[in-house]
Amino acid sequence: MSVVTLKIDDRDVSGRDDETILEIARENGIVIPTLCYLEGLSIAGACRLCLVEVKGSSKLLPACATRVSEGMEVSTQSERLTHYRRMIIEMLFAEGNHICSVCVSNGHCQLQDAAVALGVDHIGVPYLYPNRTVDASHELFGIDHNRCILCARCVRVCDEVEGAHTWDVGARGIEARVITDFRTPWGDSDTCTSCGKCVQVCPTGALFAKGKSAGEMMKQSEFVQYLVAMRGRQS
Amino acid sequence: MTNTITIDPVTRIEGHSKITIQLDDAGKVTDAHFHVTQMRGFEKFVEGRPFHEMPSLTARTCGICPVSHLLASAKACDGLLAVRIPPTATKLRKIMNLAQIAQSHALSFFYLSAPDLLLGMDADPAQRNIFGLMNVNPELVRGGVKLRQTGQQIIELLGGKRVHPSWIVPGGVSEPLTEEKRDRILAMLPEAIGLAWTTYEWYAEEVERFKDEIESFANFPTLFMGLVSPRNTLAMYGGDLRVVASNGAVLEDRRPAEEYAEIIGEKVEPFSYLKSPYYKPIGYPSGIYRVGPLARLNIVGHPGTRLADAAFEGFKKLDRQSSFHYHYARLIEILYCLERTEQLLHEPDILSKHVRAEAKPNAEEGVGVSEAPRGTLIHHYRINEDGLITYANLIIATGHNSLAMDRGVLQVAKRFVNGAHLQESMLNRVEAVIRAYDPCLSCSTHAVGQMPLEINLVAPDGEVIDTVRR
Ligand code: SF4
Ligand code: SF4
Ligand code: FES
């Protein structure tokens with residue numbers, strides 16, 4: 001491990017060479033929008049919202065999944081980046097069914113927040129209005145696939161922190177869904193411990209506690225980083 | 001040859017609709033229909049949704065009276081939870097409903113109907129609106145604006161948002177009332193009650209001028225239905241169903257909400273998307289009934305608050321079959337709502353923090369009934385074992401009245417429409433009949449003032465032989 005120095009948005013910053021652009025940016029108070037990233041979980045690189053420009057690379061790189069290196073020059077803001085980030089958000093809205101006004105997470109939703117922060121005031125791509133279902137077979141929780149953005153946070157927290165590995169992503173492309181066990185109803189799951197971690201880390205209203213009305217679902221995902229940090233100390 | 005006169009759309013009602021008047025060869029009116037051409041499909045698309053979403057989902061049926069849907073829906077959900085909600089929650093929900101009725105009545109009376117009443121049916125349409133009214137009787141208009149504001153402010157103080165508050169939830173309400181908010185509402189009420197009383201006194205004299213309209217405005221015997229309290233007074237939130245015949249005979253009494261399907265049948269007519277409910281024991285279409293302010297006051301012994309009771313003495317002397325008196329009834333109800341709110345806010349437990357019962361669903365079926373500004377509102381849900389909706393039936397107030405509205409249009413058309421030429425004033429009377437019911441046509445259009453009006457004269461072969469626009 002060695003210390004590297006680099007530039008983010010023309011600012012000289014430094015960090016360890018096993019850190020990511022996102023981590024160093026955050027340490028220095030530079031905001032890069034994210035959705036699938038959650039401190040304490042492994043990196044999925046699933047949403048691409050954190051894309052940044054790196055000098056010398058013609059491709060845009062995901063800040064959450066890109067290690068820093070000596071002399072790197074990163075820019076986190078540009079017209080091109082805003083354009084792509086907005087497009088990502090628009091597509092997330094268009095490929096599901098998001099009716100915020102009646103959603104349990106209305107007002108406390110990271111997708112919604114990202115849309116507001118990026119100034120997404122209309123959706124430029126046609127809505128798909130997919131026919132997706134709600135699985136409310138679990139005694140305490142439910143999943144509304146209409147609102148799932150496939151960030152796989154639930155999958156990772158269940159596997160990496162709870163150790164249950166109830167969740168997975170099944171099927172491909174437009175058909176992809178998060179599934180419980182072998183695509184059986186959540187309520188029938190043998191592996192689920194009903195800990196509720198997945199519900200808390202889900203950035204949208206897809207995973208919810210039953211009995212919540214519109215706007216009532218407020219999630220706390222900070223526990224993940226503490227749990228992971230404390231366990232790290234024990235071992 | 002048969003001619004058809006179509007008035008499309010009816011102005012100054014909430015939503016979109018049109019009226020068709022059928023003429024015979026001699027130019028006499030033979031039939032008339034009030035069409036609702038919108039299809040909302042709510043009952044279908046809520047299937048599969050978690051039942052906890054129902055209050056906020058169904059509140060979107062209507063942008064004008066979302067609170068009414070929230071209440072009926074939350075009550076149906078209480079039924080699914082099979083809980084008795086905390087008494088303070090009941091009282092807070094009641095206050096929200098009363099505020100909603102008061103503000104909606106103020107909108108209907110002052111903004112939508114008063115222009116006809118004050119300026120006359122034959123006044124220039126460009127003037128016959130709330131702005132024209134402002135020139136003639138600014139005090140009345142200001143009072144109306146204030147009354148509407150009061151209702152809206154109460155809703156906002158309670159629910160945080162004027163339209164679609166998500167404060168009403170299955171099991172109760174999400175937040176208790178604070179002392180500060182209670183005192184703010186209490187401080188608003190005396191002035192509002194004063195204004196409502198002044199308006200009532202003014203209108204009680206004014207009403208004499210409308211002899212013609214009173215006689216011909218859907219003035220025919222029908223049944224009346226609504227909720228009534230065990231003390232024989234108005235019940236806007238609780239109470240049981242009562243059906244009263246035109247001669248005052250009580251046909252149904254103390255019918256709990258769950259039994260609505262035993263007394264109400266629903267017929268779908270080809271000319272409208274509005275379902276036409278009827279009183280089952282009498283059958284269709286003779287089982288025609290009316291709901292809303294006029295019906296409510298026709299089924300109770302008295303409203304149940306001081307000033308409303310005093311005003312009710314005047315109401316009792318009226319021809320209580322005439323739909324024209326929906327207006328009169330609305331003014332009495334505004335008084336009742338404000339006075340009742342004051343009473344409830346003085347209840348010792350109104351600030352209790354215990355306002356929500358938590359439970360999992362314990363029943364597969366739930367029915368919620370409450371009084372909306374325009375009449376009895378019924379929500380009926382069934383859920384599967386996971387709590388997802390498998391069936392929903394909504395009977396909205398305007399639906400109950402649809403048969404009566406048809407009949408009313410026919411009656412006025414017969415009297416005021418003659419020949420294939422339409423005068424502005426005669427059209428307006430037909431529209432005004434509809435407006436007397438204050439139909440909320442499942443649409444959030446705020447049509448204050450003049451909307452374009454198109455009338456088509458259609459021959460039996462479908463050819464438009466005359467068109468009038470204004
Ligand atoms: S998950 Fe978020 S974006 Fe989607 S409907 Fe709910 S609040 Fe809106
Ligand atoms: S359910 Fe929530 S956490 Fe899981 S993939 Fe979907 S949006 Fe992400
Ligand atoms: S946050 Fe980096 S790809 Fe999602």
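Chain B and chain A bury about 1,300 Å² between them. Carbon and sulfur atoms give 47% of that area. These values come from a predicted model. Three residues, B:Arg49, B:His52 and B:Asp386, supply 34% of the area that chain B buries against chain A.

Contacts give another view of the interface. Here 16 residues of chain B touch 17 residues of chain A. The side of chain B that touches chain A holds five nonpolar, five polar and six charged residues. Four salt bridges are found across the interface of chain B and chain A. One salt bridge joins the side chains of B:Glu53 and A:Arg147, at 2.9 Å from N to O. Six residue pairs are in polar contact across the interface of chain B and chain A, with both residues at pLDDT 80 or more.

Now turn to a helix of chain A. Helix H3 of chain A spans residues 110–117. Its buried residues are A:Leu111, A:Gln112, A:Ala114 and A:Ala115. They lie on the same side of H3(A) because they cover an arc of only 160 degrees around the axis. What covers these buried residues includes helix H2 of chain A, residues 79–95. On the other side of H3(A), A:Val116 and A:Ala117 are exposed. Follow the chain just past H3(A) to reach A:Gly119, which takes a positive phi of about 70 degrees.

Notes. Residues are numbered from 1 along each chain as its sequence is written. Chains are lettered from A and ligands numbered from 1 in the order in which they are written. Side-chain values use heavy atoms; hydrogens and water are left out. Buried means under 20% relative accessible area, exposed over 50%, partly exposed in between (1.4 Å probe, protein chains only). Helices (H or I, at least four residues) and strands (E, at least two) are DSSP runs, numbered from the N terminus. The arc is that of the directions from the helix axis to the C-beta atoms. Contact means heavy atoms within 4.5 Å. Buried area is the accessible area (1.4 Å probe) that two parts lose on being put together, summed over both. A polar contact is a pair of N or O atoms within 3.5 Å; within protein, one must be able to donate a hydrogen and the other to accept it, and residues adjacent in sequence count only if both atoms are side-chain atoms. Ala, Val, Leu, Ile, Met, Phe, Trp, Tyr, Cys and Pro count as nonpolar, Asp, Glu, Lys and Arg as charged, and the others, Gly among them, as polar.
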